[in-house]
Amino acid sequence: MRIVVIDGQGGGIGKSLVEQLKKKLPKEEILAIGVHSISTSNMLKAGADLGVTGENAIVYNCKNAKIITGPIGIIVANGLMGEITKEMAEAITASEAEKILIPVARCSVKVAGVQEMSVGKYVEQAVEMIKQRLEQEEMS
């Protein structure tokens, strides 16, 4: 199953996701998609199996993803301080993949009912959700 991790800016959240996913799910293929080369590079350094960069890479690869993860700003046009284009956000949200997103407030989107905690704790929760999702799929 292909897990797609998308991030921009410095790729810090994506890097944390990749590191933890590789620890807990070492056999799963992780595709890092950076909005730009810096974020892609940081996710590759964290252990992603493959890395690609840019708008077309997001549009193309979201079609075949089973799970997409990253900061919540990846589904918002002009999210991540303007790095996410309308086309990127549309491709991610239109994908049939399950989306497990990190709710960071830097994109002017707040999600009601989400407990305030550190980004690290959100990443841990996201990785656990991905692990549970994969276990459910194996059982069916």
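Tutor: Helix H3 passes helix H5 in a left-handed crossing, a term that applies if the near helix is turned anticlockwise from the far one by less than a right angle, clockwise being right-handed. The model is a predicted one, in which local features need pLDDT of at least 70 and side-chain atom pairs count only at pLDDT 80 or more, while totals for chains, interfaces and linings use all residues. Residues are numbered from 1 along each chain as its sequence is written, and side-chain values use heavy atoms, with hydrogens and water left out.

Student: What makes H3 roughly parallel to H5?

Tutor: The axes of H3 (residues 55-62) and H5 (residues 86-94) cross at roughly 15 degrees and come within 8 Å. Angles under 35 degrees count as roughly parallel, over 145 as roughly antiparallel, 65 to 115 as roughly perpendicular and the rest as oblique, so H3 is roughly parallel to H5.

Student: Which residues of H3 and H5 meet?

Tutor: Glu55, Ile58, Val59 and Cys62 in H3 meet Glu87, Met88, Ala91 and Ile92 in H5, where contact means heavy atoms within 4.5 Å. By class, this contact has 6 nonpolar, no polar and 2 charged residues.

Student: Why is the pairing of arginine 2 with glutamate 29 called a salt bridge?

Tutor: A salt bridge requires a side-chain nitrogen of Lys or Arg within 4 Å of a carboxyl oxygen of Asp or Glu; the N to O distance here is 3.0 Å, so the pair qualifies. Arginine 2 lies in strand E1 (residues 2-7) and glutamate 29 in strand E2 (residues 29-34), so the bridge ties together parts that are 27 residues apart in sequence.

Student: Why is arginine 2 called partly exposed?

Tutor: Its relative accessibility is 23%, and buried means under 20% relative accessible area, exposed over 50%, and partly exposed in between (1.4 Å probe, protein chains only), so arginine 2 is partly exposed. Glutamate 29, with a relative accessible area of 29%, is partly exposed as well.

Conventions:
Helix = DSSP H or I, 4+ residues; strand = E, 2+ residues; numbered from the N terminus. Axes fitted to C-alpha atoms, helices over the stretch in contact; angles between N-to-C directions. Nonpolar A, V, L, I, M, F, W, Y, C, P; charged D, E, K, R; others polar.
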